[in-house]
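Dear colleague,

Please find below the structure that I am handing over to you.

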Amino acid sequence: MKSAQVIMDTGAHAAALAVKSARVDVIPGYPITPQTSIMEALSAMVENGELHARFIPVEGEHSSMAAAVAASAAGARVFTATSANGLLYMHEVLHMASGGRLPVVMCNVNRGIFAPWTLWADHQDSFSQRDTGWIQYHCSSNQEVFNTILQAFRVAEQINIPVMVNFDGFAISHCLMPLTLPPQEDIDRFLPPHEPEWRLDPAQPSSFSNVTNAPEYAPFRQMLSDDIIAAIPLVKQAAQEYKDITGMWDGDTIDTYRLEDAEVVAFAVNSMAAELRLSIDILREQGIKAGLLRPRLYLPFPTEDIISALPQNAQVMVLDRNYNFGHPGGILASELKSVLFGRRNDITVKNRVIGIGGIDLTRRFMAAEIRAMMDE
Amino acid sequence: MLELRINGFGGQGSVTLAHLLAQAALEKGEQGQALPFFGVERRGAPVRAAVRMSPTTIHAHSQCELPDYVVVMSEKLTKEAVNEGITKFGTVIINAPQAVAVENHPTWQVDADAIAREAGLFSADGPFINIPLFGAVCRVLNIPQNIMEQTILNKWPGNNGERNLGAAGKAYNTVTQIRG
């Protein structure tokens, strides 16, 4: 048996290596900072023969997702990547991928949204795509990006729903860290070839996504809504089996740190949630029983796992790196409150918006924020 | 966890220096992280990069606001770099022919420009100071010279590696502590 290999690589390149080891067939691509290095790496792998896939350069992200939809409907395993305004430009076609029940996997490298222009991380882009019917993971390390892309293909192809794998621009995408690459045969065992139940085939012409009347349309939408929720056990199963095969674990729908006896719980996603572990240690040293709950899955929102993981009477400090316009705070806080309402009345939820447009989130700053929130 | 910040100007090779240091950590069996700060990228603008080394998994993903070590790629930046943040008794490593020690901080000096030029490591834009600085920082961090050399050879197999080894080795052996 071959053993795993450890290399040093960036988050963006870790994503490209995962896509390569997933043996994808088609990669439509359009560059946008800070995602560009994923597409550069993949196009180079296709060019030099390391990856037997078709790379389709397109003139914009709307076309990128349109090409992904078409290739997926033809039965291919498809990957693309984008960021910020590129994701927004795809918005219409994201609905086509989910409504068409096409298991496309896409990385979104989180970045703040124009206007004004910014290049650095926040989470307005992915959270603003909540209602497109895509499953969304949010990752907090380079290794988790690699692991999650493989889990995403499995879940997507099991339930025919596209999956978005999100991670922070620069803080992850351009951060060089050790990366463990499991042997290819282990990955092949975890992720067998894609065998769709149905595909567009010129030899047997058929039409796809025709106009429907309400009696046909409504059940399609209901089925999509039900199946997105039904993805939760598949997400857990994928995480568990990935662990059984590779030994690596990033959490399933949620990830926790020092949560069991916590009275104060930090709640956040992505790289800031990794840094928050250090903030939790600082708070513990100050005598505060602090812990972390990181939803790894944003959509479907892991309601039951959050409800059962939160300790009794906890104060939950939601640190949002986005705005919920029209409300005084962020989107995660709003989601959390809606699932706790009527079920966990012992929990207090407090919220701050921090780190917008890449403002540096240090362990000391976030520990101080949480302390200040305790007095509010 | 050891934290180090590199302060330099765009074009001086700070990102490659950060990568080399993170790779050296892995080479000696630890975890390493290089996290450059990408500003509005242009040659000559002040740049910085964070480097971390730890025997255990690194969870931090912020820039190093209070590092244990500050590497100053250009003497002119010394004051600004130190004022940006360093631990109380943190160490400063300055690239200069002759540096003035930083008050209250252990200070090391290396003439990376001269070492790079002497080794033929320069282009029309100036000397490749990150190679000698890598050697100097490894010495200050007590990273064994063979680990430093192996990191360079892994990155540049062949002739370039050999040339870089000479410059890095010279810096490793000539970097001088000017304040304890």
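**Two domains in chain A**

The centres of domain 1 and domain 2 of chain A, taken over C-alpha atoms, are separated by 27 Å. Please bear in mind throughout that this is a predicted model. The domain assignment places domain 1 of chain A at residues 5–246 and domain 2 of chain A at residues 254–374. Where these two domains meet, 28 residues from domain 1 of chain A and 20 residues from domain 2 of chain A take part in the contact.

On the side of domain 1 of chain A that touches domain 2 of chain A, four elements each supply at least two residues: helix 6 (124–127), strand 6 (135–138), strand 7 (163–168) and helix 9 (214–246) of chain A. Of these, helix 9 of chain A gives the most, with five residues. By class, this side of domain 1 of chain A consists of 16 nonpolar, nine polar and three charged residues.

**Chain A as a whole**

Chain A contains 13 helices and 14 strands. Its radius of gyration is 20 Å, close to the 21 Å that the globule rule gives for 376 residues, so chain A is as compact as a globular protein of that length. Along the principal axes, the C-alpha atoms of chain A fill a box of roughly 70 × 50 × 45 Å. Of the 376 residues of chain A, 52% count as buried. If one takes the contacts in chain A between residues at least 6 apart in sequence, 79% of them join residues at least 24 apart.

**Helix 12 of chain A**

Helix 12 of chain A covers residues 331–340, and A:Ile331, A:Leu332, A:Ala333, A:Glu335 and A:Leu336 are buried in it. What do the buried residues of this helix pack against? Their partners are helix 6, strand 10 (264–267), strand 13 (315–320) and strand 14 (348–353) of chain A. Just after helix 12 of chain A, A:Gly342 takes a positive phi of about 80°.

The mean pLDDT of chain B is 95, with 99% of its residues at 70 or more. For the model, the scores are ipTM 0.95 and pTM 0.97.

Between the chains, 17 residues of chain A are in contact with 18 residues of chain B. Strand 8 (176–181) and helix 10 (271–285) of chain A are the elements that give two or more residues to the side of chain A that touches chain B. Helix 10 of chain A gives the most, with five residues. This side of chain A has ten nonpolar, three polar and four charged residues.

Within chain B, helix 1 comprises the 14 residues 14–27; at 1.5 Å a residue it should span 20 Å, and its end C-alpha atoms are 20 Å apart, which agrees. Is this helix enclosed or exposed? Of its 14 residues, 13 are buried, so helix 1 of chain B is largely enclosed by the rest of the structure. The helix is followed by B:Gly29, which has a positive phi near 90°.

**Backbone details to inspect**

Most residues other than glycine have a negative phi, and most peptide bonds are trans. The following places depart from that pattern.

- A cis peptide bond, with omega about -10°, joins A:Ala115 and A:Pro116. A:Pro116 is in the loop between strand 5 (105–110) and helix 6 of chain A.
- Another cis peptide bond joins A:Leu299 and A:Pro300, with omega about -5°. The loop between strand 12 (297–299) and helix 11 (303–309) of chain A holds A:Pro300.
- A:Arg101 is not a glycine, yet it has a positive phi of about 55°. It is found in the loop between helix 5 (91–99) and strand 5 of chain A. A:Arg101 counts as buried because it has 21 C-beta neighbours inside 10 Å, and the cut-off for a buried residue is 20 or more.
- B:Asn104, also a residue other than glycine, has a positive phi near 70°. It lies in the loop between strand 5 (91–95) and strand 6 (107–110) of chain B. With 12 other C-beta atoms within 10 Å, B:Asn104 is exposed.

With kind regards

Note on methods:
Residues are numbered from 1 along each chain as its sequence is written. Chains are lettered from A and ligands numbered from 1 in the order in which they are written. This is a predicted model: local features need pLDDT of at least 70, side-chain atom pairs count only at pLDDT 80 or more; totals for chains, interfaces and linings use all residues. The radius of gyration is taken over C-alpha atoms; the globule rule is 2.2 Å times the number of residues to the power 0.38. Two residues are in contact if their C-beta atoms, placed from the backbone, lie within 7 Å. The expected span of a helix is 1.5 Å times one less than its number of residues. pLDDT is the predictor's confidence in each residue, from 0 to 100. Domain bounds come from an automatic or database domain assignment. Ala, Val, Leu, Ile, Met, Phe, Trp, Tyr, Cys and Pro count as nonpolar, Asp, Glu, Lys and Arg as charged, and the others, Gly among them, as polar.
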